[in-house]
Amino acid sequence: MTRIADKAQPTKVLNGRMLMAAVVSAISGLLYGYDTGIISGGLLQISKEFHIGNDMKQVIAAAILLGAVIGALACSLLSARIGRHRTILLICVVFMLGSVSSSLAPTAVSLALARVVLGFAVGGATQTVPMYIAELAPKAIRGRLVLCFQLAIGVGIVIATLVGASQAVSWRDAIGAAAVPALVMLLLQLRLPESPRWLVLRHGRVGVDEAARVLEDIRPDGYDISSELEEIVALEGRLQRTSRRNRGWSGLWQPWVRPALVVGCGIAVFTQLSGIEMIIYYAPTILTDNGFSKTTALSVSVALGMTYLVMMVVGLVIVDKVGRRRLTLVMVPGAAVSLFALGAFFITGHATRDYVPYIVACLLAFMFFNAGGLQLMGWLTGSEIYPLSVRAAATSVQSATLWSTNLLITLTLLTMISIFGVGQVFWIYGMFNVAAWLFVWRRMPELTGHSLEDIERHLKSGKFRPPRLRPRLRRTTWQRSWASPSCRAWVMAAQLPGRTGRHCRHAHHDGQPVRGGEGHQVSCG
């Protein structure tokens with residue numbers, strides 16, 4: 001992708017409303033990280049209270065992920081019909097209901113069911129909130145504002161691991177406490193406006209005035225919104241000329257949308273297959289099952305959470321400077337090497353107390369490279385790459401893909417370890433990281449510095465691809481030219497994607513049409 005200049009002026013200044021939106025994004029990310037991470041230490045208490053084995057542990061841990069798949073799909077439809085703002089209000093209420101019902105669950109089964117409800121809010125938040133923030137934010141700081149969500153996930157994970165490591169707080173109190181930030185999120189969201197892009201998309205020209213008022217409200221004093229509004233309205237005009245079957249869910253089948261969907265869903269799959277959830281959910285369980293003390297296992301869990309948070313902060317600072325694609329390609333190999341080294345300790349029988357410092361170092365190194373690279377892209381790319389006409393449906397598909405992959409991993413990980421062994425499973429996830437690097441290198445273009453409308457233009461023009469990957473010659477042969485009876489020049493018959501023809505090497509034919517043997521006329525040279 002090459003950058004197209006636009007008239008909208010960049011700004012790095014946040015006014016009160018935009019800052020409030022960033023706080024809402026941060027709280028929703030915190031709830032995501034906390035509600036999924038609290039089960040890591042909580043399982044040690046829950047298994048003792050309900051007398052459950054590994055199978056039920058997997059079900060309880062995975063229940064929130066099943067709810068997340070449902071929530072991501074349902075909130076896609078809701079955000080398209082009733083708006084991003086109202087959908088987020090509903091998500092806040094479900095967060096509170098899910099937290100309270102989980103803390104009061106009398107049995108393991110009822111706890112799993114309550115976590116499905118909680119998962120609905122988690123999945124809905126991951127589908128709606130990053131998209132809402134991306135549509136509100138000025139492009140110069142869009143990446144950093146969306147990553148507030150990702151950063152807050154790290155904060156939530158750290159808080160959850162600290163609570164779990166202390167073992168001083170009942171798991172019921174720990175889970176129920178999440179209702180408090182959900183209430184704060186609800187009160188803040190009540191004061192925020194609807195997305196200006198959704199207003200124009202939903203109400204057409206009628207919604208332009210309201211969109212202008214929203215932009216004036218969320219931009220700093222003196223900011224010229226005219227060019228930004230013109231870009232949104234121009235895009236809406238193109239959408240109005242688009243048939244209804246090319247919008248929403250049906251619009252996902254359009255060939256020009258497919259590259260974005262492949263990149264978004266591919267990144268979603270690999271963020272989970274990279275091994276991050278294996279480490280977050282089951283690190284204490286894996287370590288204690290292999291002879292580590294409970295105290296050591298929980299301390300490692302806290303250190304992993306802190307590393308995750310620190311790398312989220314680093315990523316927040318540098319992602320708009322370094323670039324999404326470049327940062328990912330640099331960091332993923334480190335994560336792969338860390339998992340291969342970690343697996344080697346277990347396979348060679350060196351996972352003993354004498355090697356605890358080295359094993360912990362490998363775990364922390366993995367978290368350093370994974371959280372600072374691939375994990376940053378999970379929600380950021382999904383909020384940026386999809387056209388407005390299909391954005392709600394596409395982000396829903398991406399969220400559902402991510403949560404379905406997460407669900408599959410959580411339901412099978414302990415079983416895989418019992419079948420293959422801990423070291424072998426680490427190696428399998430190391431290979432997934434290798435595949436992730438190849439996918440990003442081949443498929444993911446650089447999105448940094450492009451407006452949402454600019455990205456859509458690249459998709460429609462077929463330029464949504466990494467900058468150095470260009471169509472190549474598939475077959476080359478040299479044949480006699482039959483441009484004219486007197487010409488004895490040799491020409492190259494080249495087959496390019498979407499183009500077949502003959503190019504004259506002869507100097508005197510430079511710039512002149514040469515008729516190829518298959519009836520195609522192309523320029524010489």
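Here is a short walk through the model, selection by selection.

**Before you click.** This is a predicted model, so local features need pLDDT of at least 70 and side-chain atom pairs count only at pLDDT 80 or more, while totals for chains, interfaces and linings use all residues. Residues are numbered from 1 along each chain as its sequence is written, and side-chain values use heavy atoms, with hydrogens and water left out.

**Select the whole chain.** Colour by secondary structure and you get 20 helices and 5 strands; these are DSSP runs (helices H or I, at least four residues; strands E, at least two), numbered from the N terminus. Of the 525 residues, 58% are buried, meaning under 20% relative accessible area with a 1.4 Å probe, protein chains only. For contacts (heavy atoms within 4.5 Å) between residues at least 6 apart in sequence, 78% join residues at least 24 apart.

**Select I60, F95, M278, I279 and W403.** In the largest nonpolar core, which has 153 residues, these five touch the most other members. Such a core is a set of buried Ala, Val, Leu, Ile, Met, Phe, Trp, Tyr and Cys residues joined through side-chain atoms within 4.5 Å. Helix α1 (residues 16-50) supplies the largest share of this core, 14 residues.

**Select S28.** You're now in helix α1. S28 is buried, at 0% relative accessible area. Skip its neighbours within four places in sequence, and S28 is in contact with F95, A125, V129, F149 and M185.

**Hop to V129.** This residue belongs to helix α4 (residues 108-136) and is buried too, at 1% relative accessible area. V129 and S28 are 101 residues apart along the chain, yet their C-alpha atoms are separated by 7.6 Å. Not counting residues up to four places away in sequence, V129 touches S25, S28, I88, G124, F149 and M185.

**Finish at α18 and α19.** Select residues 391-420 and 422-443: these helices pack at about 130°, axes 7 Å apart. Axes are lines fitted to C-alpha atoms over the stretch in contact, and angles run from 0 to 180 degrees between N-to-C directions. That makes α18 oblique to α19, since angles under 35 degrees count as roughly parallel, over 145 as roughly antiparallel, 65 to 115 as roughly perpendicular and the rest as oblique. Show side chains for I409, L413, M416, I417 and F420 in α18, which meet V422, Q424, V425, I428 and Y429 in α19.

Technical notes:
Buried means under 20% relative accessible area, exposed over 50%, partly exposed in between (1.4 Å probe, protein chains only).
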